[in-house]
Each structure stands twice: as C-alpha cells, then as structure tokens.
Amino acid sequence: MEKGEALDSHTLLWKQCDVLHSSSTNAADQDCQMSRFATAEAVKNALYPMRGEVFLIQGLHDLCAFVSQSLGKPLSELKLCEIGSYSGESTIIFAERFGSVLAIDPWMDDYDPSDATCQHASFTEVEAAFDERVSRYPNIRKLKTTSDAAFLTLQSNTFDVVYIDGLHTYEQVRRDIMNYRQIITGVIAGHDFNPVDWPGVHRAVTELFGDSIQTFMDTSWATIL
Ligand SMILES: C[S@@+](CC[C@H](N)C(=O)[O-])C[C@H]1O[C@@H](n2cnc3c(N)ncnc32)[C@H](O)[C@@H]1O
C-alpha cells in the first residue's frame, strides 16, 4: 500500500478486530495446541449445546441457501455479521460459506438470568471454546462487546447479512433490528422466532416485519431489506 493511501472501512475493521486463527506448524506450538484442545474438550462437556440436533444445523444451511438465492451472489463474496456467537457453533457454519464473518459477543456471565444459556459453563470457558473452535477459520474476527457498543463502531461499515442471536429480550431484539438494518445491504435474519420459548424475539420481529419473513426449521427467520 502506498504511504497515505486510505484503507476501506471493512479492511480497517478487519485489521482492528482480534485475530484468532493460527497457521503455526512449529512442533512446540502444536503440542501447546494439543493441550489447549484437551482443555477445550473438557470445557465442552459443560457447554450449552446450541446446535446439538441435525435439524438445528440444517436450518442454518437452508438460511444460507435463501441468502444466496435472494441476493443472486455466491456466499463467498458476502460479508456476514453475527450478534451472539456463544461457543461458535453457528459462527463456523457461516464461516464455511461466507467470505467473512464478524462475531459480536460480550462473553459476559449472567447477561440474562432467564436465559438457560447462563446456567451452563462460565463465559470465560465459553469464550475459550469459541477461540478454539474458530481458530482454523481465517475469515472470522470477533468483537468482544455488546451489540449496542459494537454498533457505535460499525457505522461506517456495511454487511450483506446480519444474523441476530444475542440478548433475547423484546427491547434488545427490536433495538438490534433498528440499529443494524441501517448498515445492511441485503438480508436481516436471526434465531429463536418462537412465541412460546422466546416471546420477546417473536414480538419484535413480527411488529417490524409482519408476515414478510421466511422461517426455517431451527426457528431462524430472515427477510430481504
Ligand atoms: C443463544 S447464544 C448464541 C448462539 C449461537 N448463535 C449459536 O447458534 O451457536 C446467545 C449469545 O448472545 C450473547 N449476548 C448476550 N447479550 C448480548 C449483547 N447485548 N450483544 C451481543 N451478544 C450478546 C451471549 O453471550 C451468548 O453467547
């Protein structure tokens, strides 16, 4: 790059976010990674299994196909932002298809006492499992903060897709939609469109999009903006 040449906003964001992937082939590093893997395996037993059933994974595959068809582009050319990543199960499903994935999560204990996720592993362990899981994906970056705080730093960026699966209260889901729709050029989507288990999510999405949304077997929802 020539001195004084400006970086585009996405390149700048990518440089500023945490780098997670490792391509080391050094034997000592590999030993270290083996022991980290063993640690991550032990932690995993206490994690909430977000995508433990086949249909929960298939729903995301179908959502990805919907995005590609709707936008008429290969997913490898598209940028996705995920709000709420937990241990990275959905993050790597997206990273295997999309050109880049920005994962936003505060990894903070007790963020919502009524959410069963908070009753499982501590978020220090959850974040370590996320880091371990995504370390093989050079197209993932993470922002360790809330969606509200992240939005303030992302306003000069755009994403083709934003997937909302963070704090599931009505107020927060509504705010995430209203904020992030301003920086989406394609599809807005999210998880847990289920009036019984997640009435706040269902109410916010229904109020803002009515029946114009597409739903998927894992209770994901999506609509083109
Ligand atoms: C249901 S889990 C995400 C599951 C993940 N998308 C998957 O399918 O594997 C919800 C996540 O949202 C995160 N979260 C909680 N409050 C948040 C906020 N204000 N902004 C962003 N993420 C938040 C939690 O830390 C948690 O990891």
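Axes are lines fitted to C-alpha atoms, for helices over the stretch in contact, and angles run from 0 to 180 degrees between N-to-C directions. The model is predicted.

**Helices H7 and H8**

- Helix H7 spans residues 170-180 and helix H8 spans residues 199-209; their axes come within 8 Å and cross at roughly 40°.
- Because angles under 35 degrees count as roughly parallel and 65 to 115 as roughly perpendicular, H7 is oblique to H8.
- The crossing of H7 and H8 is right-handed.
- On the H7 side the contact is formed by Tyr170, Val173, Arg174 and Ile177, and on the H8 side by Gly200, Val201, Arg203, Ala204 and Leu208.
- By class, the residues of this contact between H7 and H8 are 6 nonpolar, 1 polar and 2 charged.

- Strand E6 (residues 184-190) runs antiparallel to strand E8 (residues 221-224), and 4 bridges join the two.
- Ala189 has Ala222 in E8 as its bridge partner.
- E8 also pairs with strand E7 (residues 214-215), in the antiparallel sense and over 2 bridges.
- Opposite Thr215 stands Trp221 in E8.
- E7 and E8 form a hairpin with 5 residues between the strands, where Thr219 takes a positive phi near 70°.
- In a regular strand, side chains alternate between the two faces of the sheet.

**Around the ligand**

- There are 20 residues around the ligand, and those that come nearest are Met50, Gly84, Tyr86, Ser90 and Gly166.
- The shell around the ligand consists of 8 nonpolar, 8 polar and 4 charged residues.

Technical notes:
Residues are numbered from 1 along each chain as its sequence is written. This is a predicted model: local features need pLDDT of at least 70, side-chain atom pairs count only at pLDDT 80 or more; totals for chains, interfaces and linings use all residues. Angles under 35 degrees count as roughly parallel, over 145 as roughly antiparallel, 65 to 115 as roughly perpendicular and the rest as oblique. A crossing is left-handed if the near helix is turned anticlockwise from the far one by less than a right angle, and right-handed if clockwise. Two residues are in contact if their C-beta atoms, placed from the backbone, lie within 7 Å. Ala, Val, Leu, Ile, Met, Phe, Trp, Tyr, Cys and Pro count as nonpolar, Asp, Glu, Lys and Arg as charged, and the others, Gly among them, as polar. A residue is near a molecule or strand if its C-beta atom, placed from the backbone, lies within 6 Å of it. Two strands pair if DSSP finds at least two bridges between them.
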